[in-house]
Amino acid sequence: MAVISDPATEWQLAPPVSARLRGSLGATYRAARRDKVLAASITVLLIGLFLAFFAPTLARTDYERTDPVNRLLGPSTDHWFGTDNWGRDVFDRTIVGTRLSFLVGVSVTVVSTVIGVSVALVISYFRLLDSIIMRVVDGFLAFPTILLALALISLIGPSVGNIIIALSVTATAGKIRLVRGAVLSLRESTYVEAARAVGVPVPRILMLHVLPNIVSIIIVQATFTLAGAILAEASLSFLGAGVPEYVPSWGNIIATGQGYMQVGFHISFFPGLFLTITVLAVVLIGDSIRDHLDPKLRGRLKTTAHS
Amino acid sequence: MAEVLLKVKNLSTLFRTEGGVVKAVDNISFEVRAGETFALVGESGCGKSVTALSIMRLIPTPPGEITSGTVEFDGIDLLKLRNREMRAIRGSKIGMIFQEPMSSLNPVLTIQSQLAEPLKIHMKLSSGAANDRAEELVNMVGIPDARARLQQYPHELSGGQRQRIMIAMAMSCAPRLLIADEATTALDVTIQAQILDLMQDVTEQSGTSLLIITHNLGIVARYADRVAVMYAGKLREVSDASDMYAEPQHPYTVGLLRSVPRLDSDKGAPLTPIAGEIPDLTDLPDGCAFNPRCPWAVERCFTDDPELEEISTGKQVACFEHASVALHD
Amino acid sequence: MWRYIAQRVLVSIPVIIMVGIITFTLVYIGPGDPAAIIAGDEATPEILERIRHDLGFDRPFPVQMGEWFLNLLRGDLGTSYFSGREITELITPRLQPTLSLGFQVVVLSTIIGISAGMLAAWKAGTRLDKNLMIFAVLGFATPGFWLAFLTIWVFAVNLGWFPVIGYKPLSAGLIPHLHSMFLPVMVNSILASAFISRITRSAMLEVLREDYIRTARAKGASEFSVFLRHAFRPSAIPVATVIGASIAGLATGFVLTETIFAIPGLGRMLVDAIVRRDYPIIQALLMVVATVLIGVNLIVDILYAYIDPRIRY
């Protein structure tokens, strides 16, 4: 006779996902108040997001149009970051570059997380599918990210959409491997066994028991994916494989300034600074989240008042 | 009567955690004599392991701190020693074995190198001499085929064998005191008896004192000379082992004994668990920490905290109502 | 032990094959008619047809891929569309700069990274630890090409200690060779050692929490001995992993580095091939790089077994 799972018991096994998330958001807020570095990083990110949305309206010049009369001016009150070799205002181009970086970064992160987690959850229960897909994943992961992205872009052409696709390929592969590994090890844990013994169907186990426990890993990984994607987009643009030159991207501004190092140090300096600070902020947030979530999962000192 | 080897006085150890300050060990005092087997008993979380680690000064110091007391070993206060001096005592004058043989041995080092280590550190033996002695030790703890075993790694041995190796390591430099912190809890029941017998043999032969930390009253009955019962960081009763089983004086001890099946109890008679739960150490009740669960509690127990008092030779109790406390009513 | 090694090798083979399939398929379905590229602008349709037929482009897909694989096994990496020369010939002179760069960076970053990580773990919580980790995070987050830009500006343009670009091969002497490569080596090493030191530190801290460290202390071992003898080896596994990963990261870094510093290595060759759509070179290089990385991972796996006896069986 089939054992019917008792919803009451189930909820005791794993609190609803929403409760957990609320708990961790609250914890994050409290943590941010204590940890100045975290607070600063979140502030930087929020500024970045603001710029990403509003920078084009904030820009005071037409930064895509060349203005050879004003070329290679140093920083001044008219041009806070100076002008580049085409006379375009570097400040405007830098803050507009934020938009591209975040657009690509966030898109890649979202796409790779959604697809990656879904695929990982599915294949962890179908052994045959798992073997096949993992071979493909391993194959893609054997390539260094930028190389694969470069090759892909040379094939499908440079455009923002294609950059996102190219970078998402490797990111998704990485996510699948990570999440699958976590799911497989969780599957062997006793509370999942207990749920199965009570007759809980597989999709429910995945949603209620497995997913909440891997959320922390997914979130931490997502922050590193974001950082990586922002850096990768800049690298691709730097190499000329990203967006066209007149579209401001931190990567191609730096590339432009490369050749004018002696007279135009400011051209490459500022966008690079923005890039570094942004990536730094994301990485620090990721670190913080990991530090806060991990010890709670791991349990504390072995020598405490346990006995 | 044998001389006092270890004298713990007013020892307090606390931990600063995110949930508050935990007084894991609160002002405890007891003595262990040379050659005797002393058991420190209590449930999980009562502070007994922390006591042992405090004696060895192995408490991790950012969250933990020994805040008061003296630990006199052979006349020297261990708490006042410099790190280097304390290191000379650990492993040579005092040996310690732990609960999890699985994780207490380094997985990437051979048995031989781990056994030989204290010999090289404390007795300054050369590699060759240390390895020979290691082989003798393996034989001493009853593991056959010593030479082959020495070249193996911990994961190739069974739990019982690993614990034997731990005993060998702890006894290698002929310590005067061996501390066994829940040494048999993680082993199969049949192996437990073997390991305990081994510990008893080995310490008897060399006149080493044995401090057993456990929650298992059966072990205490069989192997201990004297017992101290600990609850919520404080000692509640200290007496000779036989005395404790015959005439327990503290309500907690009585509760423990009543909840354990005995060979002489009536078949089918129900076990009586102790009502209530172990208190949260960051939020102890006023007065005696046991009062929520105590059948003999009177008004005074909720306001004042009883001290450990000697009520007869060799027997100490921390209870205002000990005169009314009895095992059978 | 040997069985473990054999097993790892066996597992790598399907991955290499998959890499080959991906590489070939990507390039195959990409745009661009190789015949048109070879023939140039003035070719007529007949000439294009003939070229296609001569080069075998009109054969079915699996046949073409199979042939490509077979050629690879024979050591034939194909022919460049542009120069018409054997790719193997083209790669050989460019091996030295890339390998030299790689070797120096791996050695330097491993030494610096592990030392810094261990030092930080030893002094965990102190200011030294915090400062080291700040450097590590900065190194991790700073884009390589910007760091290269800054170092060039400071050391080459302003201080003049090193050449901005200008690679000197080993044949010009060891010192001139190293001197010409110093900036790119430094930039890549900083990035890689940042990564390595972070992982080393956290791996060490994890190991230091283990029970057997407590046992070692209970035996009276000195802190130094606890660290080096008891804690380092178990933590070597994640460290070995991350060194392997950093080598993968190097492959990316080299593409950028060789472009910036004008080093005539394989990274430059790839970028040039991509710009010119010289597909055989793209295919061959991707395959080579991915295979090398799989080989590196294999070596790391084997190292695991050497480090941790539990893995040998």
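This is a predicted model: local features need pLDDT of at least 70, side-chain atom pairs count only at pLDDT 80 or more; totals for chains, interfaces and linings use all residues.

Residues are numbered from 1 along each chain as its sequence is written, and chains are lettered from A and ligands numbered from 1 in the order in which they are written.

**Domains of chain C**
- The contact between the two domains takes 16 residues from domain 1 of chain C and 13 residues from domain 2 of chain C, where two residues are in contact if their C-beta atoms, placed from the backbone, lie within 7 Å.
- On the side of domain 1 of chain C that touches domain 2 of chain C, helix 1 (2-29) and helix 2 (34-39) of chain C each supply at least two residues, and the largest share, 12 residues, comes from helix 1 of chain C.
- Helices (H or I, at least four residues) and strands (E, at least two) are DSSP runs, numbered from the N terminus.
- By class, this side of domain 1 of chain C has 11 nonpolar, four polar and one charged residues; Ala, Val, Leu, Ile, Met, Phe, Trp, Tyr, Cys and Pro count as nonpolar, Asp, Glu, Lys and Arg as charged, and the others, Gly among them, as polar.

**Contact of chain B with chain C**
- Here 23 residues of chain B are in contact with 18 residues of chain C.
- Helix 2 (83-89), helix 3 (101-104) and helix 4 (111-122) of chain B each supply at least two residues of the side of chain B that touches chain C, and helix 4 of chain B provides the largest share, four residues.
- That side of chain B is made up of 12 nonpolar, seven polar and four charged residues.

**Helix packing in chain A**
- The axes of helix 3 (residues 36-58) and helix 4 (residues 90-123) of chain A come within 7 Å and cross at roughly 130°, the axes being lines fitted to C-alpha atoms over the stretch in contact, with angles running from 0 to 180 degrees between N-to-C directions.
- Helix 3 of chain A is therefore oblique to helix 4 of chain A, given that angles under 35 degrees count as roughly parallel, over 145 as roughly antiparallel, 65 to 115 as roughly perpendicular and the rest as oblique.
- Residues making this contact include G48(A), L51(A) and A55(A) of helix 3 of chain A, and I95(A), R99(A) and F102(A) of helix 4 of chain A.
- By class, the contact of these two helices has nine nonpolar, two polar and one charged residues.

- Six of the eight residues of helix 11 of chain B are buried, a residue being buried if 20 or more other C-beta atoms lie within 10 Å of its own, exposed if 12 or fewer, and partly exposed in between.
- The buried residues of helix 11 of chain B, among them Y252(B) and L256(B), pack against helix 9 (217-223), strand 9 (226-231), strand 10 (234-240) and helix 10 (241-246) of chain B.
- P279(B) is placed in the loop between helix 11 (251-258) and strand 11 (309-312) of chain B, and P279(B) counts as partly exposed because it has 18 C-beta neighbours inside 10 Å.
- Not counting residues up to four places away in sequence, P279(B) touches A232(B), L284(B), P285(B) and A289(B).
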